Amino acid sequence: MSIKMRVLYYSKKGKMATSANAIAQKYELEINKVDVIPPAYSCDKERIVILGLTIGDYIPDQLRLFCRELTKERAQNVAIYVDGTEANAKKIIETLKEAGTNVIEEVCYVKGGLPFKFMSKVTDDEKNAVLEWADRVVNKLS
């Protein structure tokens, strides 16, 4: 299934990057389609942008600014998987909606683990949960 897609993440946790790469691999995305926030290349007319976010009570300015710029012209749809609480996810969702993009209602909540890039091991169950969520999201757009 070919769909114009980007997978971006904002986290210091290795598991979040591993999950982003697993999604990219499943959908056979080019290497430059997976990046950290802010990405090296701006989103441009993406059908969907999947964001992997580790967020606490305080949303960093860099992340908030990126989400404010994620307009409908840059990303028609945004889906998020979150290492954080539902209340914190809602803050990001509100910011994305204010930018004008469509935010996919189903949010995937994950346990990001310890805040170390080198601790990137994701269990099969964790990986499958994120990939199954991504499949549901992408299939709704097809």
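**Salt bridges and a helix face**

Reader: Start with E106. What is its relative accessible area?
Author: E106 has a relative accessible area of 24%, which makes it partly exposed. Buried means under 20%, exposed means over 50%, and partly exposed is in between (1.4 Å probe, protein chains only).

Reader: What kind of model is this?
Author: It is a predicted model, where local features need pLDDT of at least 70 and side-chain atom pairs count only at pLDDT 80 or more, while totals for chains, interfaces and linings use all residues. Residues are numbered from 1 along each chain as its sequence is written, and side-chain values use heavy atoms, with hydrogens and water left out.

Reader: OK. How many salt bridges are there?
Author: The structure has eight. The cut-off is a side-chain nitrogen of Lys or Arg within 4 Å of a carboxyl oxygen of Asp or Glu.

Reader: Which residues are linked in a network with E106?
Author: R136 and K140 are linked with E106 in a network of salt bridges.

Reader: Take R136 and E106. What's the N to O distance?
Author: Their side chains meet at 2.5 Å, N to O. R136 is in helix α4 (residues 124-141) and E106 is in the loop between β5 (102-103) and β6 (108-109), so the pair ties together parts 30 residues apart in sequence. Helices (H or I, at least four residues) and strands (E, at least two) are DSSP runs, numbered from the N terminus. R136 is partly exposed, at 39% relative accessible area.

Reader: And K140 with E106, what distance there?
Author: That salt bridge is 4.0 Å, N to O. It also links distant parts of the chain, with K140 in helix α4 and E106 in the loop between β5 and β6, 34 residues apart.

Reader: K140, buried or exposed?
Author: K140 is exposed, with a relative accessible area of 58%.

Reader: New topic: α2. Which of its residues are buried?
Author: In helix α2 (residues 61-68), the buried ones are L63, F66 and C67. Seen down the axis of α2, they fall within an arc of 95°, so they line one face of the helix. The arc is taken over the directions from the helix axis to the C-beta atoms.

Reader: What covers them?
Author: The cover includes β1 (5-10), β3 (48-54) and α3 (86-99). Contact here is heavy atoms within 4.5 Å.

Reader: Which residue forms a salt bridge with R64?
Author: D61 does, with the closest N and O atoms 3.3 Å apart. Both lie in α2, three residues apart, about one turn of the helix.

Reader: What are their relative accessible areas?
Author: R64 is partly exposed at 24%. D61 is partly exposed at 46%.
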